[in-house]
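Here is a short report for a reader meeting this protein for the first time. Look over the sequence and the model, then read on.

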Amino acid sequence: MILDQIIGFFSSDMGIDLGTANTLVLVKDKGIVIDEPSVVAVERERYGRVKILAVGKEAKEMVGKTPGNIEAIRPMKDGVIADFDMTEKMIRYFIEKTHRRKSFLRPRIIISVPYGLTQVERKAVRESALSAGAREVFLIEEPMAAAIGANLPIREPQGSLVVDIGGGTTEIGVISLGGLVISKSIRTAGDKLDTSIVNYVKEKYNLVIGERTGEEIKIAIGSAVQLPKELSMVVKGRDQVTGLLNRIELTSEDVREAMREHLKEIADALKIVLEMMPPDLAADIVENGVVLTGGGVLIRGLDKYLSEVVKLPVYVADEPLLAVAKGTGKALEEISLLHQLTNEE
């Protein structure tokens, strides 16, 4: 243990928020150094060989715009590894980018994973990081990492409830005395909201748009509740009737209607967790409220929408997109906490 701490002092230990939409990398004592899309662009060569062209931001720019032999791949789907080989290459890229001057010292890495990941999926994540150059790999559930990153009192004998809405999954966790008392993970989150907007525009306006455009619409004018002044934007795409390029004006009311069913799924999952809660913890949540983290919580009025559904105070954490990554970093700072939270010996 002492030797490990000495080695850890000289290596740049890392926390990775390996998300479906974005990957954030935090280096101990330096903070977040990478925040890039979880996308890998590859070129299919002869005899089945694959050449990596770009990773992260540069690769995302290629989504939906590549010629036939170039493919933009999202190796994470619904919070789990869909493409083991590409995930390993992506993690390796981020490790090498972070460790440019310290390649001789392999880092210890803690990776956040969705609650409820199977042992096979957990093994895949662990082996991806080890193959990519990690000295030691710890896994921490996203609700716990989010709660730590949001500065909730996880070690205290009181209940804290966190809802982390990412790209592939929504993670809900009730934490007390350093452990997850109740957790629930559903595969309804940012990506499905984007897809619902794409489908809505196609069905109502006969306009075909891509997922990137769906995400841009969600960010620009998306809302979970009626706004004092509704927003609008011009959306360009292909008319599926005429086949010609066209544009329409989309409003925040349209987007709210498009996302309605999926937002209800998130609210219903939160209600289920509240119904499962022991009475003493329930009293704490009534007093402390619900804390939201993750990129999905930036949808306008989502805190108000969930508060109206569950009849509790709902708050958005400071820097919600960074909460999980910051949580992995805080766990790295304290090796005893790291072992406790990851069940590693």
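The protein has 12 helices and 18 strands. The model is a predicted one.

## Overall build

The chain holds 345 residues, and a compact globule of that length would have a radius of gyration near 20 Å; the value here is 21 Å, which agrees. Along the principal axes, the C-alpha atoms fill a box of roughly 70 × 60 × 30 Å. Of the 345 residues, 50% are buried.

The exposed surface comes to about 16500 Å². Carbon and sulfur atoms supply 51% of that surface. The protein carries 44 positive and 51 negative charges, and their mean positions are 5 Å apart.

Strand E11 spans residues 160–165. Is it enclosed or open to the outside? With 6 of its 6 residues buried, E11 is largely enclosed by the rest of the structure.

In a regular strand, side chains alternate between the two faces of the sheet. In E11, Ser160, Val162 and Asp164 point one way. Leu161, Val163 and Ile165 point the other way. Residues of both sets are buried.

Strands of a sheet pair through backbone hydrogen bonds, in either a parallel or an antiparallel sense. E11 pairs with strand E12 (residues 170–176) in the antiparallel sense, over 6 bridges. A hairpin of 4 residues joins E11 to E12. Within this pair, Leu161 stands opposite Val174 in E12.

E11 also pairs with strand E17 (residues 290–293), in the parallel sense and over 4 bridges. Here Val162 stands opposite Val291 in E17.

## The sheet E14-E15-E16

Another group of strands forms an open sheet. Its 3 strands run in the order E14-E15-E16, with antiparallel pairing. Which strands lie at the edges? They are E14 (207–208) and E16 (245–251), and each pairs on one side only.

E14 and strand E15 (residues 232–239) are antiparallel and share 2 bridges. Leu207 stands opposite Asp239 in E15.

## Helix H5

Helix H5 covers residues 142–149 and is mostly covered, with 8 of its 8 residues buried. The buried set includes Glu142, Pro143 and Met144 at one end. Just after H5, Asn151 takes a positive phi of about 60°.

| Residue | Relative accessibility | Class |
|---|---|---|
| Thr188 | 5% | buried |
| Asn206 | 31% | partly exposed |
| Glu308 | 43% | partly exposed |
| Asp29 | 72% | exposed |

Buried means under 20% relative accessible area and exposed means over 50%, with partly exposed in between. That is why Thr188, at 5%, counts as buried, and why Asp29, at 72%, counts as exposed.

Thr188 lies in the loop between strand E13 (179–186) and helix H6 (190–205). What does Thr188 touch, not counting residues up to four places away in sequence? Its contacts are Gly168, Thr169, Thr170, His262, Glu265 and Ile266.

Asn206 sits in the loop between H6 and E14. Its phi is near 55°, a positive value in a residue other than glycine.

Glu308 is part of helix H10 (residues 302–310). Glu308 and Ala267 are 41 residues apart in sequence. In space, their C-alpha atoms are 9.9 Å apart.

Asp29 belongs to the loop between strand E2 (22–27) and strand E3 (31–37). Asp29 also has a positive phi, near 70°, and is a residue other than glycine.

Notes
Residues are numbered from 1 along each chain as its sequence is written. This is a predicted model: local features need pLDDT of at least 70, side-chain atom pairs count only at pLDDT 80 or more; totals for chains, interfaces and linings use all residues. Side-chain values use heavy atoms; hydrogens and water are left out. The radius of gyration is taken over C-alpha atoms; the globule rule is 2.2 Å times the number of residues to the power 0.38. Buried means under 20% relative accessible area, exposed over 50%, partly exposed in between (1.4 Å probe, protein chains only). Accessible areas come from the Shrake-Rupley method with a 1.4 Å probe; for residues, only the protein chains shown count as cover. Lys and Arg count as positive and Asp and Glu as negative; His and the chain ends are not counted. The place of a charge is taken as NZ of Lys, CZ of Arg, CG of Asp or CD of Glu. Two strands pair if DSSP finds at least two bridges between them. Contact means heavy atoms within 4.5 Å.
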